[in-house]
Amino acid sequence: MYEFSKNQTALIICLLLPSYPASAQNVLSLTDLLDTTHESTVGEFGFFGSTAAIQFGDATRWTNATGVTGPASASEGGRALVVEDRFHIGSQTKTYTGTVVLQFVDDGVVSLDDTLQDWYTLQPTATAALSVMPQSLRETLTVHDLLSMRTGVAEYLGGPDPNNPGRTVLDVWNANAGNYDLTRQQLLTASLALAPTMTPGDQSTFEYSNANFMMAGIIAEAASCQAGNCRDIGQLITDEVITPLNLTDTLYPIGTEWGTTQHTNGTWDYYGTLTDFSETTPSVPNSAGAMISNIEDQLTWLVELTTNAQGILDAATFAERLQNTTDMNGMVGTVAGGYGLGIYGQHSLETGAFMLGHGGEISGYQTLMFHFPGDLNTSLDDLFIVGNINTFLNIPSDRAFLPSDINSIYYDLQKTVLLYNAYQANPNGCTSNAGGTTCTATTVADTTIVVGNTFTIQPSGQRWVSPAVDFDAAVPTYVFYGDNATGVTATDTAVTVEADGILEGYGNSLTLLQLGGTANTVDISGEIEATGSDAVAIDASAGSNDTITVTSAGNVTGDILATGGSDVLRVDGAVLGDITLGSAARLEGSGMVMGMVAGPGTVIPGTPNSTAASSMTVARFEPTGGALEITVFGSAGTANILLVDEQKSEGFAVSDTGIAVLNGSTLRLSGTPLSGDFQAPILTATNGVTGTFSQIEDTADLLDPAPGRLQYDLIYTADSVLLTSTSPAAFDAVAAGSYNDSLIVLDQAQEQVSSSNRPIRPFGFARALGSFASYASQDSVAGFDIGTGGLAAGVGGPLGALGYFALTVAQTETSANVENGGGDQDINNLSTGFSFGFGVGALDIAASVFYGQADVDYRRKTGSGTAHGSTEQQRWSAIIGMGQTVARGNWSPGWHSSLAYFKVTEDAFTETARTGVAMSFEDRSYERVRLGLGVKSESKPRDLALSPWVSADLFYHADIDSSDIRYSASGSSGTLKARSADGLEVRVGAGASYTAGSGPIWSAGITASGGDLATTVRLDASLGFNF
């Protein structure tokens, strides 16, 4: 019914192996190997049970049942499964429905070119369900289109359920454990609610859909009426296929019946609760997937389906059926295939061999039946294989790393026969001498081999090749079969698995490679693969000090135990299984472990001795009593990282992966301290981090380096652990920028009411302001550049006989850029102020007070991204000055002094960040003062309107209340110490003013300064006019 196959690419094979018969004289010798293969693959994936059967080229058979019928709570009580047990066979039903239609083709009742409209017209009652289809589509679709999956009519299981809006047919059917009925008309309506999947009749591809064979059942029933004997599809299949072939354990049910008590249960935990699909009704799977059978009947039917040995169809019709099966131009589930007429071809994903037949998957069950024709000129490797599983996509609660998949069981059975034949052809693949053991050709064994000195697995010299689908795989070199057994025992041995060399084993509780003695080395550039429940690929649990290397080209399938001596396991390739470390063992490298890493050893992700950061990926991390060792590359702002990723198979998340459990473990840090604003993840876990490191070993002082203003933290989030260095540079820049632009506004206001500008009548003015300041780094914290631009405008006038005043509005925009890519901080300030001045004898006194509000946008580059924050400021600033000007000829020299005060209150805010950790910052306030003393001389020639001036000033800046700011993030907090604002500044300037008669006064000036704080250049230009 519902096709869902393993996500690998289908293949065509040119077998470059000699073929030998697995026939009557050697079936007994194959039996144990096949039993072990079947039982270990079932154990590997955690199925409840499975039945399997093979018919060889000479018609002898092998059958086996393993496991149980299901959980003890199900109707069969979890008893041992037997080969006689019946299964729901799902989409294998299509082969029966297709055969019945083709028999009507043989009888001349149906033509493959007939359209659905033809039959809708001929038999309107039998085809009434087709009434929901537009006539134009009925006139387009042919019987051939139905049987070859080329109508483009979408899958009804994915369509809207008519009784449950917002849910699909499949969802509702599963929720009811398969005991749910819909009519064919309702099913077809669900299909037609979805967009077409292809152009009808296009022979270059196909689109798998159960709707095709539901409609094929309608055509079969209409044809029976046209022939004068109306029967439903179940009766037709019984009369025309089941009875003639004596398939006594096969039926098309009319309800929830099995036809016998000898059957399995079907289970699925897709909804998180184990569901029993034993009592399903046939209306939804219909003629696309409703049937029941067992492996003996399935095997008999497979032989007839793929060879037509008993003439179930005419020869010409049978030949027509097989057309398109060798063209891999579509997908059955996620595997490429070629669909004929109720039959399809695919290729083994283990050996690449072409296979012909049909699969069947229905909630709770998975079935496959395929014929491997092998060499078409002989029958020596002619295999018919059937496999059934009573667990559909079951992910056990105790965590398995792959969901149920019948393909692995099925392909491995065929693979075992081929390996057996290869070994029979050359039983001398391994040779031993005083120097060690070398295997150079395919060897099959069921007893332990003991090796010493050296053990080398070279390529077998044989390959499974299929140029048509770009398949090329090495044939395994050494394959061991046995439950509760050890394949290879190595004592003080240098084990080498060369590229394309494969050491493989099948067996529940199997240990494939056992290491012992004093010390061993294992170098894997090929593959080591152990299949079975609790199968161990490499067992280094003895006291030997072993070094195991999985190179970037190497792969290990099965668990690795490094729990004995001071074992070193380096993984740069892939391990599909769990790794358990002893207290003296360590795991390092930049590869992938698709399993759990656990135990009291040390995990060191990344490439050893590298100068750049790298990572290791694992599926689950539980280092109880162990350590995670991280190297930090401070100047780059990075660190090696352990990635704990959720594993997925066929789109389903694998249970309990992507989780790190840190309780009782140690974090060990090495390398160099981070410098600047950096957040360096050292561990990420897709589905969460539990607990914290119980101990931190920081001998390099990465969390407490030399004194400075950077703050270092180890931050835990829900799904990561980060080593962070937080710099106050952005906050230094905002404080300095706010101070600078306030001083610019104060200084222009002081200039406006200076004695040289004393008004005698009301006036107006406008000033353009500009400044650039550069601050060097300080205390290991980055420096920054500040650019300010703005406009001040206002009005003023005389105030009594000797006084004067001005009202000013100033708008400034400041951008502070932190060096080394630290980010831009933007400040937009609007302030208003009142200024006044007056004369006291020869002295001029002036004062200004301003209040402003500013919007501040923070940006901090954190290495992993950019953190953004916005806040608001409230400012008060004031200045008071005193000076004296003396006229001496054309020049008017004078002196002046000032005291400026500045205070800012800045609101608290929390950053946003797409990556890394967003921090929260508390409100802060800071105060500064500036003392100034300077001289200025302005020339006012009698006959010239241009008045130049020069000035020199000395300032001292001091903090009253520093601009420190407190931060917090995910349980960590601290204070960022502010940059010192104490220091001297020397400023020189020059400019000129121009008076146009009694009209406006234009002026412009430039000043430059340097000192303890910054290097600054200011520009301003003004226009003044009298009313």
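**View 1. Tyr339, a buried ring in the predicted model.** Tyr339 has a relative accessibility of 0% and counts as buried. Its partner is Phe206, and the two rings form a tilted aromatic pair. The centres lie 5.8 Å apart, with 50 degrees between the planes. Phe206 is buried too, at a relative accessible area of 1%. Phe206 belongs to strand E5 (residues 206-207), Tyr339 to strand E10 (residues 335-339). The pair therefore ties together parts that are 133 residues apart in sequence.

**View 2. An aromatic cluster around the Phe206 and Tyr339 pair.** Phe206 and Tyr339 belong to one aromatic cluster.

**View 3. Arg138 over the ring of Tyr120.** Here a charge meets an aromatic face. The charged end of Arg138 sits 4.0 Å from the centre of the Tyr120 ring.

**View 4. Lys936 over the face of Trp949.** In this view the residue over the ring is a lysine. Lys936 lies at 4.6 Å from the ring centre of Trp949.

**View 5. Helix H14, largely enclosed by the rest of the structure.** H14 covers residues 729-752, 24 residues in all. From its first C-alpha to its last, the helix reaches 34 Å. That is close to the 34 Å expected at 1.5 Å a residue. Of the 24 residues, 23 are buried, so H14 is largely enclosed by the rest of the structure.

Methods
Residues are numbered from 1 along each chain as its sequence is written. This is a predicted model: local features need pLDDT of at least 70, side-chain atom pairs count only at pLDDT 80 or more; totals for chains, interfaces and linings use all residues. Side-chain values use heavy atoms; hydrogens and water are left out. Rings of Phe, Tyr and Trp (its six-membered ring) pair if their centres lie within 6.5 Å; planes under 30 degrees apart count as stacked, over 60 as edge-to-face and the rest as tilted. Helices (H or I, at least four residues) and strands (E, at least two) are DSSP runs, numbered from the N terminus. Buried means under 20% relative accessible area, exposed over 50%, partly exposed in between (1.4 Å probe, protein chains only). A charge sits over a ring if NZ of Lys or CZ of Arg is within 6 Å of the ring centre and within 35 degrees of the ring normal. The expected span of a helix is 1.5 Å times one less than its number of residues.
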